[in-house]
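Biologist: Can you walk me through this model? I'll ask as we go.
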Amino acid sequence: MANILDYLAWRGDIPMLIDGFNEVDNLILAKLVHINYSGILTGPDTDGSIPLREAAHAYFFMRGEAGEDMGAVVPGDIPNLLRLAAESVRFGNMRVGAYEEILDEELQEQFAAFCAELCDGTVYVAFRGTDDTLVGWKEDLNMGVLETIPSQRQALDYLQRIAARYPERPLRIGGHSKGGNLAVYSAVYAPEAVQDRIIQIYNNDGPGFRSDLSELAAYQRIASRIQTIKPQFSIVGQMLEHSQSVTVVHSVAGSGIGQHNGFTWEVYGREFVHLPDFSRGGKRTEETLENVMSELSIPQREAFVEAFYEVLTGTGARTVSDLNEEKLKSAAGMLKTYRDLDDETRRALNAAIMLLLKRSAKSFMQDVRDTQGKNVDGLLRKAEDFLRRFFDAGEEKPDSTEKPDGTEETDPGK
(Lines give C-alpha, C1' and ligand atoms only; values in the text may rest on other atoms or scores of the structure.)
Protein backbone atom coordinates (compact mmCIF):
# COMPACT_ATOMS: atom_id res chain seq x y z
CA MET A 1 0.00 0.00 0.00
CA ALA A 2 1.38 3.41 -0.97
CA ASN A 3 0.68 6.50 1.10
CA ILE A 4 1.74 10.15 1.01
CA LEU A 5 5.28 9.26 2.13
CA ASP A 6 5.62 6.83 -0.79
CA TYR A 7 4.16 9.48 -3.09
CA LEU A 8 7.04 11.81 -2.19
CA ALA A 9 9.58 9.02 -2.72
CA TRP A 10 8.13 8.06 -6.11
CA ARG A 11 6.92 11.37 -7.55
CA GLY A 12 8.76 13.98 -5.52
CA ASP A 13 11.15 14.58 -8.43
CA ILE A 14 8.30 15.78 -10.71
CA PRO A 15 7.89 19.59 -10.58
CA MET A 16 4.38 20.97 -10.33
CA LEU A 17 4.95 22.92 -13.55
CA ILE A 18 5.13 19.56 -15.33
CA ASP A 19 2.44 17.71 -13.34
CA GLY A 20 0.07 20.17 -11.69
CA PHE A 21 -1.21 20.39 -8.13
CA ASN A 22 -3.47 17.50 -7.07
CA GLU A 23 -5.46 16.12 -4.14
CA VAL A 24 -2.45 14.28 -2.69
CA ASP A 25 -0.37 17.48 -2.70
CA ASN A 26 -3.26 19.09 -0.84
CA LEU A 27 -3.15 16.53 1.99
CA ILE A 28 0.62 16.89 2.31
CA LEU A 29 0.30 20.64 2.88
CA ALA A 30 -2.66 20.09 5.24
CA LYS A 31 -0.38 17.85 7.30
CA LEU A 32 2.70 20.10 7.17
CA VAL A 33 0.79 22.91 8.92
CA HIS A 34 0.96 20.76 12.08
CA ILE A 35 4.68 21.54 12.34
CA ASN A 36 5.59 24.17 14.92
CA TYR A 37 7.20 26.93 12.81
CA SER A 38 7.54 29.40 15.70
CA GLY A 39 10.83 31.26 15.36
CA ILE A 40 11.21 30.00 11.79
CA LEU A 41 8.47 31.63 9.70
CA THR A 42 7.23 35.21 9.86
CA GLY A 43 3.60 35.99 10.70
CA PRO A 44 0.76 36.85 8.29
CA ASP A 45 1.19 40.58 8.83
CA THR A 46 4.95 40.55 8.17
CA ASP A 47 6.47 40.35 4.71
CA GLY A 48 8.75 37.49 3.87
CA SER A 49 8.71 33.79 3.07
CA ILE A 50 11.43 31.14 2.75
CA PRO A 51 11.80 27.91 0.78
CA LEU A 52 10.42 24.85 2.56
CA ARG A 53 13.91 23.36 2.38
CA GLU A 54 15.27 26.20 4.56
CA ALA A 55 12.31 25.99 6.94
CA ALA A 56 12.93 22.25 7.42
CA HIS A 57 16.65 22.81 8.02
CA ALA A 58 15.88 25.40 10.71
CA TYR A 59 13.19 23.17 12.24
CA PHE A 60 15.42 20.13 12.69
CA PHE A 61 18.27 22.33 13.93
CA MET A 62 15.99 23.79 16.62
CA ARG A 63 13.92 20.69 17.50
CA GLY A 64 16.49 17.93 16.99
CA GLU A 65 16.96 15.40 14.20
CA ALA A 66 13.84 13.44 15.17
CA GLY A 67 11.71 16.57 15.34
CA GLU A 68 9.26 17.36 18.11
CA ASP A 69 6.96 14.88 19.83
CA MET A 70 3.61 15.32 18.06
CA GLY A 71 1.65 13.93 21.02
CA ALA A 72 -0.92 11.18 21.27
CA VAL A 73 -3.32 12.56 18.65
CA VAL A 74 -1.29 14.01 15.76
CA PRO A 75 0.52 11.41 13.59
CA GLY A 76 4.18 11.06 14.52
CA ASP A 77 5.14 10.72 10.84
CA ILE A 78 4.68 14.46 10.20
CA PRO A 79 8.33 15.48 10.92
CA ASN A 80 9.43 12.77 8.48
CA LEU A 81 6.90 14.08 5.95
CA LEU A 82 8.49 17.52 6.31
CA ARG A 83 11.96 16.04 5.73
CA LEU A 84 10.91 14.18 2.58
CA ALA A 85 8.94 17.11 1.18
CA ALA A 86 11.83 19.51 1.79
CA GLU A 87 14.26 17.19 0.02
CA SER A 88 11.99 16.79 -3.01
CA VAL A 89 12.02 18.78 -6.22
CA ARG A 90 8.24 19.11 -6.03
CA PHE A 91 8.11 20.88 -2.67
CA GLY A 92 11.67 21.83 -1.67
CA ASN A 93 11.78 25.27 -3.33
CA MET A 94 8.15 26.11 -2.51
CA ARG A 95 8.15 29.23 -0.35
CA VAL A 96 6.24 29.14 2.93
CA GLY A 97 5.34 31.83 5.45
CA ALA A 98 2.52 33.75 7.17
CA TYR A 99 2.59 31.36 10.13
CA GLU A 100 0.12 32.04 12.91
CA GLU A 101 -0.57 29.95 16.01
CA ILE A 102 -3.05 30.67 18.83
CA LEU A 103 -3.80 28.65 21.96
CA ASP A 104 -6.16 30.43 24.33
CA GLU A 105 -7.66 28.43 27.21
CA GLU A 106 -9.94 31.27 28.27
CA LEU A 107 -11.45 31.68 24.80
CA GLN A 108 -11.20 27.91 24.26
CA GLU A 109 -9.44 28.40 20.94
CA GLN A 110 -6.76 26.31 19.22
CA PHE A 111 -5.75 27.64 15.81
CA ALA A 112 -2.80 27.57 13.44
CA ALA A 113 -2.25 28.28 9.75
CA PHE A 114 0.46 28.94 7.18
CA CYS A 115 0.71 29.64 3.45
CA ALA A 116 2.57 27.93 0.63
CA GLU A 117 3.42 29.84 -2.55
CA LEU A 118 3.09 27.34 -5.39
CA CYS A 119 5.05 27.57 -8.61
CA ASP A 120 1.83 27.84 -10.66
CA GLY A 121 1.26 31.27 -9.14
CA THR A 122 -1.36 30.17 -6.62
CA VAL A 123 -1.20 30.29 -2.82
CA TYR A 124 -2.35 27.34 -0.69
CA VAL A 125 -3.79 28.45 2.67
CA ALA A 126 -3.45 25.55 5.14
CA PHE A 127 -5.44 25.40 8.38
CA ARG A 128 -4.31 23.10 11.18
CA GLY A 129 -6.66 20.49 12.57
CA THR A 130 -7.06 19.54 16.21
CA ASP A 131 -3.79 19.07 18.06
CA ASP A 132 -2.94 17.26 21.31
CA THR A 133 -4.34 19.96 23.61
CA LEU A 134 -7.55 19.46 25.57
CA VAL A 135 -8.49 23.03 24.65
CA GLY A 136 -8.46 21.98 21.01
CA TRP A 137 -10.75 19.05 21.74
CA LYS A 138 -13.08 21.25 23.77
CA GLU A 139 -13.33 23.62 20.82
CA ASP A 140 -14.22 20.66 18.59
CA LEU A 141 -17.01 19.66 20.96
CA ASN A 142 -18.25 23.24 20.95
CA MET A 143 -18.99 22.86 17.24
CA GLY A 144 -22.11 20.93 18.19
CA VAL A 145 -23.19 23.65 20.63
CA LEU A 146 -22.22 27.02 19.14
CA GLU A 147 -23.11 28.48 15.76
CA THR A 148 -19.48 29.60 15.39
CA ILE A 149 -16.31 28.81 17.34
CA PRO A 150 -13.29 31.13 17.81
CA SER A 151 -11.13 29.23 15.30
CA GLN A 152 -13.71 29.68 12.56
CA ARG A 153 -13.77 33.43 13.09
CA GLN A 154 -9.96 33.45 13.22
CA ALA A 155 -9.77 31.46 9.98
CA LEU A 156 -11.97 33.99 8.20
CA ASP A 157 -9.83 36.86 9.49
CA TYR A 158 -6.65 35.02 8.48
CA LEU A 159 -7.94 34.34 4.94
CA GLN A 160 -8.80 38.00 4.45
CA ARG A 161 -5.33 39.06 5.58
CA ILE A 162 -3.74 36.53 3.23
CA ALA A 163 -5.89 37.81 0.35
CA ALA A 164 -4.53 41.30 1.06
CA ARG A 165 -0.98 39.98 1.36
CA TYR A 166 -1.21 38.30 -2.08
CA PRO A 167 -3.63 40.64 -3.93
CA GLU A 168 -3.01 39.20 -7.40
CA ARG A 169 -2.78 35.49 -6.68
CA PRO A 170 -5.48 32.82 -6.97
CA LEU A 171 -6.09 30.94 -3.72
CA ARG A 172 -6.42 27.32 -2.71
CA ILE A 173 -7.62 26.59 0.84
CA GLY A 174 -7.46 23.33 2.76
CA GLY A 175 -7.01 21.46 5.98
CA HIS A 176 -7.44 18.09 7.63
CA SER A 177 -10.01 17.35 10.36
CA LYS A 178 -11.00 20.64 12.03
CA GLY A 179 -8.72 22.34 9.49
CA GLY A 180 -11.05 21.17 6.72
CA ASN A 181 -14.00 22.69 8.54
CA LEU A 182 -12.10 25.99 8.88
CA ALA A 183 -11.28 25.94 5.17
CA VAL A 184 -14.96 25.62 4.23
CA TYR A 185 -16.12 28.17 6.80
CA SER A 186 -13.59 30.83 5.79
CA ALA A 187 -14.38 30.37 2.09
CA VAL A 188 -18.15 30.56 2.59
CA TYR A 189 -18.06 33.72 4.71
CA ALA A 190 -15.26 35.50 2.85
CA PRO A 191 -16.16 38.69 0.93
CA GLU A 192 -17.29 38.01 -2.62
CA ALA A 193 -14.13 39.62 -4.01
CA VAL A 194 -12.05 37.06 -2.10
CA GLN A 195 -14.36 34.20 -3.06
CA ASP A 196 -13.84 35.04 -6.72
CA ARG A 197 -10.12 34.32 -6.30
CA ILE A 198 -10.59 30.91 -4.68
CA ILE A 199 -10.10 28.10 -7.17
CA GLN A 200 -10.43 25.11 -4.80
CA ILE A 201 -11.35 24.30 -1.18
CA TYR A 202 -10.17 20.97 0.26
CA ASN A 203 -12.00 19.52 3.25
CA ASN A 204 -10.01 16.44 4.28
CA ASP A 205 -12.33 14.45 6.59
CA GLY A 206 -13.39 17.55 8.49
CA PRO A 207 -16.59 17.76 10.55
CA GLY A 208 -19.57 19.72 9.32
CA PHE A 209 -21.48 22.56 10.93
CA ARG A 210 -24.24 22.86 13.50
CA SER A 211 -26.48 24.43 10.88
CA ASP A 212 -26.69 23.51 7.22
CA LEU A 213 -24.91 26.10 5.08
CA SER A 214 -26.29 24.95 1.74
CA GLU A 215 -29.12 27.49 1.62
CA LEU A 216 -26.76 30.44 1.93
CA ALA A 217 -26.14 32.37 -1.28
CA ALA A 218 -22.47 32.68 -0.29
CA TYR A 219 -22.22 28.89 -0.05
CA GLN A 220 -23.91 28.32 -3.38
CA ARG A 221 -21.40 30.63 -5.09
CA ILE A 222 -18.50 28.35 -4.17
CA ALA A 223 -20.13 24.91 -3.66
CA SER A 224 -18.72 23.53 -6.91
CA ARG A 225 -15.20 24.37 -5.73
CA ILE A 226 -15.42 22.41 -2.46
CA GLN A 227 -13.82 18.96 -2.55
CA THR A 228 -14.65 16.92 0.55
CA ILE A 229 -12.47 13.83 0.96
CA LYS A 230 -13.34 11.09 3.47
CA PRO A 231 -12.18 7.51 4.10
CA GLN A 232 -14.67 4.68 3.70
CA PHE A 233 -15.28 4.42 7.47
CA SER A 234 -15.28 8.09 8.38
CA ILE A 235 -16.16 9.11 11.94
CA VAL A 236 -14.89 12.66 12.43
CA GLY A 237 -15.96 13.67 8.92
CA GLN A 238 -19.51 12.39 9.53
CA MET A 239 -20.19 14.70 12.46
CA LEU A 240 -22.74 17.52 12.15
CA GLU A 241 -24.38 18.79 8.96
CA HIS A 242 -22.79 18.28 5.56
CA SER A 243 -23.89 19.51 2.17
CA GLN A 244 -20.77 19.06 0.06
CA SER A 245 -20.38 16.29 -2.47
CA VAL A 246 -17.95 13.69 -1.12
CA THR A 247 -14.99 11.81 -2.58
CA VAL A 248 -14.63 8.50 -0.70
CA VAL A 249 -11.07 7.18 -0.55
CA HIS A 250 -9.61 3.88 0.61
CA SER A 251 -7.90 3.67 3.99
CA VAL A 252 -5.87 0.62 4.97
CA ALA A 253 -6.61 1.14 8.67
CA GLY A 254 -9.16 -1.10 10.33
CA SER A 255 -12.68 0.25 10.58
CA GLY A 256 -13.02 3.14 12.99
CA ILE A 257 -11.17 6.24 14.07
CA GLY A 258 -7.84 4.98 12.69
CA GLN A 259 -9.03 5.83 9.18
CA HIS A 260 -9.06 9.52 10.11
CA ASN A 261 -5.25 9.40 9.90
CA GLY A 262 -4.40 10.66 6.41
CA PHE A 263 -1.24 8.56 6.37
CA THR A 264 -3.51 5.50 6.00
CA TRP A 265 -5.16 6.79 2.82
CA GLU A 266 -4.01 4.77 -0.16
CA VAL A 267 -2.33 6.62 -3.03
CA TYR A 268 -2.15 5.46 -6.63
CA GLY A 269 -0.21 7.70 -9.00
CA ARG A 270 -1.28 11.30 -8.51
CA GLU A 271 -4.50 10.65 -6.60
CA PHE A 272 -6.00 8.61 -3.79
CA VAL A 273 -7.67 5.28 -4.45
CA HIS A 274 -11.32 6.25 -4.86
CA LEU A 275 -14.28 4.11 -3.78
CA PRO A 276 -17.90 4.27 -4.99
CA ASP A 277 -19.37 4.67 -1.50
CA PHE A 278 -18.79 4.41 2.24
CA SER A 279 -18.46 0.98 3.83
CA ARG A 280 -21.43 -0.51 5.69
CA GLY A 281 -19.78 0.46 8.98
CA GLY A 282 -19.26 4.00 7.74
CA LYS A 283 -22.94 4.34 6.90
CA ARG A 284 -23.93 2.95 10.29
CA THR A 285 -21.65 5.48 11.98
CA GLU A 286 -23.29 8.36 10.11
CA GLU A 287 -26.77 7.15 11.10
CA THR A 288 -25.73 6.74 14.74
CA LEU A 289 -24.20 10.21 14.98
CA GLU A 290 -27.19 11.81 13.27
CA ASN A 291 -29.58 10.07 15.67
CA VAL A 292 -27.62 11.07 18.75
CA MET A 293 -27.32 14.71 17.67
CA SER A 294 -30.99 14.93 16.75
CA GLU A 295 -32.11 13.54 20.12
CA LEU A 296 -29.95 15.89 22.19
CA SER A 297 -31.19 19.45 22.55
CA ILE A 298 -28.68 22.31 22.42
CA PRO A 299 -28.82 22.77 26.24
CA GLN A 300 -28.22 19.02 26.67
CA ARG A 301 -25.26 19.14 24.28
CA GLU A 302 -23.84 22.13 26.13
CA ALA A 303 -24.22 20.44 29.52
CA PHE A 304 -22.51 17.31 28.19
CA VAL A 305 -19.60 19.24 26.66
CA GLU A 306 -18.98 21.32 29.78
CA ALA A 307 -19.21 18.31 32.11
CA PHE A 308 -16.98 16.15 29.92
CA TYR A 309 -14.34 18.89 29.67
CA GLU A 310 -14.52 19.53 33.41
CA VAL A 311 -13.94 15.85 34.12
CA LEU A 312 -10.91 15.71 31.80
CA THR A 313 -9.27 18.91 33.03
CA GLY A 314 -10.01 17.90 36.62
CA THR A 315 -7.11 15.49 36.29
CA GLY A 316 -4.68 18.39 35.94
CA ALA A 317 -3.98 17.33 32.35
CA ARG A 318 -3.63 19.90 29.58
CA THR A 319 -3.07 17.50 26.68
CA VAL A 320 -4.31 14.09 25.62
CA SER A 321 -0.74 12.83 26.09
CA ASP A 322 -0.91 13.84 29.76
CA LEU A 323 -3.89 11.54 30.17
CA ASN A 324 -2.03 8.66 28.53
CA GLU A 325 1.14 9.08 30.52
CA GLU A 326 -0.54 9.22 33.92
CA LYS A 327 -3.42 6.78 33.52
CA LEU A 328 -3.85 5.87 37.16
CA LYS A 329 -3.58 9.44 38.38
CA SER A 330 -5.90 10.66 35.65
CA ALA A 331 -8.46 7.96 36.36
CA ALA A 332 -8.56 8.92 40.03
CA GLY A 333 -8.82 12.60 39.13
CA MET A 334 -11.66 11.95 36.69
CA LEU A 335 -13.60 9.96 39.26
CA LYS A 336 -13.21 12.67 41.89
CA THR A 337 -14.27 15.40 39.46
CA TYR A 338 -17.23 13.32 38.32
CA ARG A 339 -18.40 12.87 41.90
CA ASP A 340 -18.02 16.59 42.55
CA LEU A 341 -20.32 17.55 39.68
CA ASP A 342 -23.72 18.82 40.71
CA ASP A 343 -26.58 16.35 40.27
CA GLU A 344 -28.07 18.06 37.22
CA THR A 345 -24.74 18.20 35.37
CA ARG A 346 -23.92 14.60 36.22
CA ARG A 347 -27.33 13.46 34.98
CA ALA A 348 -26.78 15.35 31.70
CA LEU A 349 -23.40 13.69 31.23
CA ASN A 350 -24.81 10.26 32.01
CA ALA A 351 -27.79 10.75 29.70
CA ALA A 352 -25.63 11.79 26.75
CA ILE A 353 -23.21 8.88 27.21
CA MET A 354 -26.10 6.48 27.67
CA LEU A 355 -27.73 7.71 24.47
CA LEU A 356 -24.49 7.36 22.51
CA LEU A 357 -23.87 3.84 23.83
CA LYS A 358 -27.47 2.85 23.19
CA ARG A 359 -27.40 4.11 19.61
CA SER A 360 -23.99 2.52 19.02
CA ALA A 361 -25.28 -0.79 20.37
CA LYS A 362 -28.29 -0.66 18.05
CA SER A 363 -26.04 0.12 15.10
CA PHE A 364 -23.75 -2.78 15.97
CA MET A 365 -26.60 -5.22 16.43
CA GLN A 366 -28.20 -4.15 13.15
CA ASP A 367 -24.88 -4.77 11.43
CA VAL A 368 -24.78 -8.26 12.92
CA ARG A 369 -28.30 -8.91 11.62
CA ASP A 370 -27.37 -7.74 8.14
CA THR A 371 -24.19 -9.75 7.91
CA GLN A 372 -25.09 -12.93 9.80
CA GLY A 373 -28.87 -13.07 9.72
CA LYS A 374 -29.15 -13.71 13.46
CA ASN A 375 -31.93 -12.55 15.71
CA VAL A 376 -30.17 -10.46 18.32
CA ASP A 377 -33.11 -8.48 19.69
CA GLY A 378 -32.87 -10.24 23.05
CA LEU A 379 -29.16 -9.48 23.33
CA LEU A 380 -29.82 -5.85 22.44
CA ARG A 381 -32.46 -5.54 25.18
CA LYS A 382 -30.07 -7.07 27.70
CA ALA A 383 -27.29 -4.66 26.70
CA GLU A 384 -29.59 -1.65 27.03
CA ASP A 385 -30.87 -2.89 30.39
CA PHE A 386 -27.32 -3.36 31.64
CA LEU A 387 -26.30 0.17 30.62
CA ARG A 388 -29.40 1.64 32.24
CA ARG A 389 -28.80 -0.19 35.50
CA PHE A 390 -25.11 0.80 35.40
CA PHE A 391 -25.86 4.52 35.20
CA ASP A 392 -28.75 4.27 37.66
CA ALA A 393 -26.43 2.62 40.16
CA GLY A 394 -23.75 5.24 39.63
CA GLU A 395 -26.26 8.02 40.22
CA GLU A 396 -28.18 6.71 43.17
CA LYS A 397 -25.75 4.68 45.25
CA PRO A 398 -22.92 6.26 47.26
CA ASP A 399 -19.50 4.65 47.14
CA SER A 400 -19.27 4.48 50.91
CA THR A 401 -21.12 5.27 54.09
CA GLU A 402 -19.77 6.83 57.23
CA LYS A 403 -19.96 4.82 60.45
CA PRO A 404 -20.69 6.52 63.78
CA ASP A 405 -16.98 6.52 64.70
CA GLY A 406 -16.17 8.63 61.62
CA THR A 407 -14.50 5.86 59.60
CA GLU A 408 -15.71 4.81 56.17
CA GLU A 409 -17.49 1.57 55.44
CA THR A 410 -17.08 0.54 51.82
CA ASP A 411 -20.15 -0.71 50.04
CA PRO A 412 -19.37 -4.39 49.27
CA GLY A 413 -21.49 -4.16 46.15
CA LYS A 414 -19.14 -1.62 44.57
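Biologist: Is F272 buried or exposed?
Modeller: F272 is buried, because its relative accessibility is 1% and the cut-off for buried is under 20%. Bear in mind that this is a predicted model.
Biologist: How many aromatic pairs does the structure hold?
Modeller: There are 12 aromatic pairs. One of them joins F272 to W265. Their ring centres are 5.7 Å apart, with 85° between the planes.
Biologist: What kind of pair do W265 and F272 form?
Modeller: An edge-to-face pair.
Biologist: And W265, buried or exposed?
Modeller: W265 counts as buried, because its relative accessibility is 0%.
Biologist: Which residues do ring pairs link into a cluster?
Modeller: F21, Y124 and Y202.
Biologist: Now R172. Where does R172 lie?
Modeller: R172 is in strand β5, which covers residues 171-176.
Biologist: Why does R172 count as buried?
Modeller: R172 has a relative accessible area of 11%, so it counts as buried, the cut-off being under 20%.
Biologist: What is R172 in contact with, leaving aside its neighbours within four places in sequence?
Modeller: The contacts of R172 include F21, Y124 and Y202, the residues of that ring cluster. Also among them are L118, D120, T122, V123, V125, I199 and Q200.
Biologist: Which side chain has a polar contact with the side chain of R172?
Modeller: That of T122, at 2.7 Å.
Biologist: How far apart are R172 and V125?
Modeller: In sequence, 47 residues. In space, 6.1 Å from C-alpha to C-alpha.
Biologist: Next arginine, R128. Where is R128 found?
Modeller: R128 is in the loop between β4 (123-127) and α6 (134-142). R128 is buried, with a relative accessible area of 4%.
Biologist: Which backbone oxygens does the side chain of R128 reach?
Modeller: The backbone oxygen of V33 lies 3.0 Å from a polar atom of the R128 side chain. For the backbone oxygen of I35, the distance is 3.1 Å.
Biologist: What else is R128 in contact with?
Modeller: Beyond its neighbours within four places in sequence, R128 touches H34, N36, Y99, E101, Q110, A112, K178, G179 and L182, among others.
Biologist: Another arginine: which ring does the charged end of R83 sit over?
Modeller: The ring of F60, 4.0 Å from its centre.
Biologist: Let's switch to helices. How many residues of α2 are buried?
Modeller: 10 of its 10 residues, so the helix is mostly covered. Helix α2 spans residues 23-32. Its buried residues include E23, D25 and K31, as well as L27, I28 and L29.
Biologist: What caps the N-terminal end of α2?
Modeller: N22 does. A side-chain oxygen of N22 lies 2.8 Å from the backbone nitrogen of V24.
Biologist: And Q195, which helix is Q195 in?
Modeller: Q195 is in helix α9, residues 192-195. Q195 is buried, with a relative accessible area of 1%.
Biologist: What does the side chain of Q195 reach?
Modeller: The backbone oxygen of A218, at 3.2 Å.
Biologist: What other contacts does Q195 have?
Modeller: Leaving aside neighbours within four places in sequence, they include A187, V188, A190, I222 and R225.
Biologist: Backbone next. Which residues other than glycine have a positive phi?
Modeller: A98 is one of them, with phi near 55°. D205 is another, also with phi near 55°.
Biologist: Where are A98 and D205 found?
Modeller: A98 is in strand β2, residues 95-104. D205 is in the loop between β6 (198-204) and α10 (217-222).
Biologist: Are A98 and D205 buried or exposed?
Modeller: A98 is buried, with a relative accessible area of 0%. D205 counts as buried at 1% relative accessibility.
Biologist: How many cavities of 30 Å³ or more are there?
Modeller: A search of the whole structure finds two.
Biologist: Which residues line the second largest cavity?
Modeller: M143, L146, E147, I149, Q152, F209 and R210.
Biologist: Last one. How many helices and strands does the chain have?
Modeller: The chain has 16 helices and 13 strands. Of its 414 residues, 51% are buried. Among contacts between residues at least 6 apart in sequence, 72% join residues at least 24 apart.

Notes: Residues numbered from 1 in each chain as written. Predicted model: local features only at pLDDT ≥ 70, side-chain atom pairs only at ≥ 80, totals over all residues. Heavy atoms only, no water. Helix = DSSP H or I, 4+ residues; strand = E, 2+ residues; numbered from the N terminus. Buried < 20%, exposed > 50% of the residue type's maximum accessible area, 1.4 Å probe, protein only. Contact = heavy atoms within 4.5 Å. Polar contact = N/O pair within 3.5 Å; in protein donor to acceptor, adjacent residues only side chain to side chain. Phe/Tyr/Trp six-rings, centres within 6.5 Å; stacked < 30°, edge-to-face > 60°. Lys NZ or Arg CZ within 6 Å of the ring centre and 35° of its normal. 1 Å grid on protein atoms, 1.4 Å probe; cavity = no way out; pocket = protein on both sides within 12 Å on 5 of 7 lines; lining within 4 Å. Points joined across faces, edges and corners; volume = space filled by probe spheres on them.
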